[in-house]
Amino acid sequence: MAKTSKYHAKNPGPDGQISWGLDEHKIWKELFGRQVRLLPGRACEQYLHGLSLLDLPSHRIPQLCEIDAVLEKHTGWRTAPVPALINFSSFFELLANKQFPVATFIRSREEFDYLQEPDIFHEVFGHCPLLTNTSFAHFTHTYGKLGLAASKEDRIYLARLYWFTVEFGLVNTPAGTRIYGGGILSSPGETLEALESQVPVRVPMNTLDALRTPYRIDIMQPLYYVLSDFDDLFTMAESDIMGLVKHARKLGLFEPLFTPKSAQVG
Ligand SMILES: [Fe+2]
């Protein structure tokens, strides 16, 4: 996790509303317009259903209370405005309380295509649609509770599971492989790469393997884990994840499929 950011999150006013500038709304509009065109036939149906429930505005950055009204109705979740970067403890504590952290800044035009910090477009467009889904919401809530109780060392293993599911997960469906990871769904380049490129490896989801797989945050992913069914997230949440973390720690990490220089381990 990066320690500093050039971005500054905006604080909500007393009414909970955030005041965005015209150019910030314009960046949202352009990101939204470009990404929404790529979704049909690529995003999983649970995500698309959630996106229609949220009914996000295309031309302006939504206020978090608009999203909360939908999430609370479907799964009891809501968003929490946070600074550009938060530590593991705050992150897990929010998830354990069914609050999804949303950094309240939007990327600059210089980083229009890619940025390492999760901005409001990534959090809202990438993740919030699936927080209307019971299996995804249960997995994310369970993950938060486990992470909150976990040791610093175990949290680094848990971070890999989040990365290969919530951020960069794929799922098999009768219509073909689809995307559910928000890191992919908020990135036009990776939306195409994850499904259509011959470069990355796609392997069946296995919790123990995911816990042992190193990743980097600054490259297109060389490997994606594919769920056999979306509701496997619910089953995974009910499995002994911390037992698997202990096992993974004994077995150690796999060799990375990328240049280890500047490898990301948590
Ligand atoms: Fe994310």
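Residues 24 or more positions apart account for 69% of the contacts in the protein that have a separation of 6 or more, where contact means heavy atoms within 4.5 Å. This is a predicted model, in which local features need pLDDT of at least 70 and side-chain atom pairs count only at pLDDT 80 or more, while totals for chains, interfaces and linings use all residues. Residues are numbered from 1 along each chain as its sequence is written, and side-chain values use heavy atoms, with hydrogens and water left out.

Along the principal axes, the C-alpha trace spans about 50 × 40 × 40 Å.

Of the 266 residues, 54% are buried. Buried means under 20% relative accessible area, exposed means over 50%, and partly exposed lies in between (1.4 Å probe, protein chains only). The protein exposes about 12,000 Å², and carbon and sulfur atoms supply 54% of that area. Accessible areas come from the Shrake-Rupley method with a 1.4 Å probe; for residues, only the protein chains shown count as cover. The mean positions of the 26 positive and 30 negative charges are 3 Å apart. Lys and Arg count as positive and Asp and Glu as negative, with His and the chain ends not counted; the charge is placed at NZ of Lys, CZ of Arg, CG of Asp or CD of Glu.

Helix 5 (120-127) has eight of its eight residues buried, so it is largely enclosed by the rest of the structure. Among them are Ile120, Phe121, Val124 and Phe125, as well as His122, Glu123 and His127.

Helix 5 is also part of what covers the buried residues of helix 6, together with helix 4 (88-96), helix 7 (152-167) and helix 11 (232-238). Helix 6 covers residues 134-149 and reaches 23 Å from its first C-alpha to its last, close to the expected 22 Å; the expected span is 1.5 Å times one less than the number of residues. Its buried residues include Phe136, Ala137, Phe139, Thr140, Tyr143 and Gly147.

Ala137 is also in contact with Thr75, as are Lys98, Leu131, Thr132, Asn133 and Thr134, leaving aside neighbours of Thr75 within four places in sequence. Thr75 is found in the loop between helix 3 (64-74) and strand 1 (78-82), and at 14% relative accessibility it counts as buried.

Lys98, one of those contacts of Thr75, has its place in the loop between helix 4 and strand 2 (99-103). Its phi is near 55°, a positive value in a residue other than glycine, and at 29% relative accessibility Lys98 counts as partly exposed. Asp55 has a positive phi of about 50° although it is not a glycine. Asp55 is placed in the loop between helix 2 (45-54) and helix 3, and it is exposed, with a relative accessible area of 61%.

Lys152, in helix 7, counts as exposed at 67% relative accessibility. The C-alpha atoms of Lys152 and Thr177 are separated by 34 Å, with the two 25 residues apart along the chain.

Definitions and conventions: Helix = DSSP H or I, 4+ residues; strand = E, 2+ residues; numbered from the N terminus.
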